[in-house]
Amino acid sequence: MFLTIALLCVLNALAAFAQLSGSVGPTTSRASKQATICSVLSYGGSVGSSDIGPAIQSAFNNCVLTNKGSTLYIPPGNYNMATWVTLKGATQWALQLDGIITRTATTGGHMIVVQNANDFEMWSSTSAGAIQGNGYQCRNAGPRLLRIITSENFSLHDLIFVDSPEFHVIIDNSSNGELYNLAIRGADIGGSDGIDLSGSNVWVHDVEVTNRDECVTIKNPSSNHQIERIWCNQSGGSAIGSLGSGTTIENILYRNIYTNGGDQMFMIKTNGGDGYVRNVVLDQFLGLGTAYGLDIDEFWSSASTAPGNGVVLSDITFSNWNGYITDGSRRSAYRVLCPSAAPCTDITISDVYLWAENNAGTYACESAYGSGACLQSGSGSGYSQVTTSYTKPAAYVSPTALSGNLASGFATNSPIPIPTIPTTFYPGLPQISPLAKNSGGGATPTSTGSSSGSTSGTAAQYAQCGGIGYTGPTTCASPYTCTYTNDYYSQCI
């Protein structure tokens, strides 16, 4: 009996840290994609072009599609773009954007769509390639900047996306991808999402987002995503949702998420609907002056009510948080609000220390079961919202301010300048991969990143202790053992 219980504990610990399910990124080297260079300058384009779109499409149709192992190259320089492009169906190719593309038309849709790509890389060798949307000229009435659709084995890195009229980057039902070393600058307005992600087995790391909507957000359907070292710098904050009917989201890991200002440290948002969100770990969050802190809201009023009794949330873990909201009298720093017909279960709030600038703290729970804050133990039927006051946690520590923290968002009616990509996205942690301009132009990394546990000579319980690309401690603190999960992750249990 004891062995059975012990085995279940081990399995639960492994499930709680579920993340990537395999390798991510292109399956062949960058060099293998440079046998043919398809420069837009050879297909009707020119630096200073009034519309580089037709040259991009021509280079793709007449060179990339006919030459496996090719690179569509946009050299340094400034290019206007008024014709949107769809780059569909190529294998073993790259899109190297070293110039700056500026939107000039107000047509809807997406400036660049990459569809059904396999073994694909979109990057800038100078870490300065950018798409400038100038959304202030056509707010919510123009294109989104980039959409990658039903693609696999891909990477997107060392690029800058600025002021889209609507969303900036959408990863749509794609798999085995890696997004890193990105800077996204949007306006202080809704509908300006940074990265929206659906699909499976995608690693997002070392990204800065400024906007007033989603930072890096999971959309339906999704599984086995790992999101880490994200700087939501005057952003709406990260989230799962909004969700509706047919939700299937599981095995999600967010860790080392830094949120300066904006709406929330993290939110799971639904209104009606059905399906499930399960096995989610939200670890090592820091928040400075957000409106909301830890927020599960299944009555989210900004979305129309979807058919169904509610999305079932289970096995959600919040661990190792510090931060403060602006007004604890107006909003609870901890909110777990679930529908009575679909109560939340197995919610864990552990070592989460949140406070408010006005020194007022409350928990709010409804139909929610688990441990921590105002959650009720066990499981059961729905219950009405309960709001409870609490005093400032003794373990609360005011989060470190990064030197690049913005005091406010960007105006909606004036240009937003193109930034440089930072090299720090979470206090005390370096980039996982160096910028391409800083000799990060070698083979695309395929590791799952660094441990969220101790950085000393031993790794703590449940921390990572091994895996491809892992550089942290490989010995576990006593009495734990480094246990192999897969080639990309071993854990102290």
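These legends go with a handful of close-up views of a predicted model. Residues are counted from 1 along each chain in the order its sequence is written, and side-chain values rest on heavy atoms, with hydrogens and water left out. Since we're looking at a prediction, local features need pLDDT of at least 70 and side-chain atom pairs count only at pLDDT 80 or more, while totals for chains, interfaces and linings use all residues.

**View A. A disulfide ties Cys38 to Cys63.**
The structure holds 4 disulfides, a disulfide being a pair of cysteine sulfur atoms within 2.5 Å. Here the sulfurs of Cys38 and Cys63 sit 2.0 Å apart. The pair links distant parts of the chain, 25 residues apart: Cys38 belongs to strand S1 (residues 36-39) and Cys63 to helix H2 (residues 53-64). Helices (H or I, at least four residues) and strands (E, at least two) are DSSP runs, numbered from the N terminus. Look along the S-S bond and you'll find a torsion of -70 degrees, making the link of Cys38 and Cys63 left-handed. Cys38 and Cys63 are both buried; that word means under 20% relative accessible area, with exposed being over 50% and partly exposed in between (1.4 Å probe, protein chains only).

**View B. Cys215 pairs up with Cys232.**
In this disulfide, the S to S distance is 2.2 Å. The link of Cys215 and Cys232 is left-handed, with -95 degrees about the S-S bond. Don't expect to see either cysteine on the surface: Cys215 has 0% relative accessibility, so it counts as buried, and Cys232 is buried with a relative accessible area of 0%.

**View D. A cis bond runs from Gly241 to Ser242.**
Ser242 lies in strand S15, which takes in residues 237-243.

**View E. Cys365 and Cys374 are joined by a disulfide.**
Their S to S distance is 2.1 Å. What is the handedness of the disulfide of Cys365 and Cys374? The torsion about the S-S bond is about 90 degrees, so this disulfide is right-handed. Cys365 has 1% relative accessibility and therefore counts as buried. Cys374 is buried as well, with a relative accessible area of 14%.

**View F. Ala373 shows a positive phi in a loop.**
Phi of Ala373 is near 50 degrees, a positive value in a residue other than glycine. You'll find Ala373 in the loop between strand S24 (368-371) and strand S25 (386-389). Is Ala373 buried or partly exposed? With a relative accessible area of 33%, Ala373 is partly exposed.
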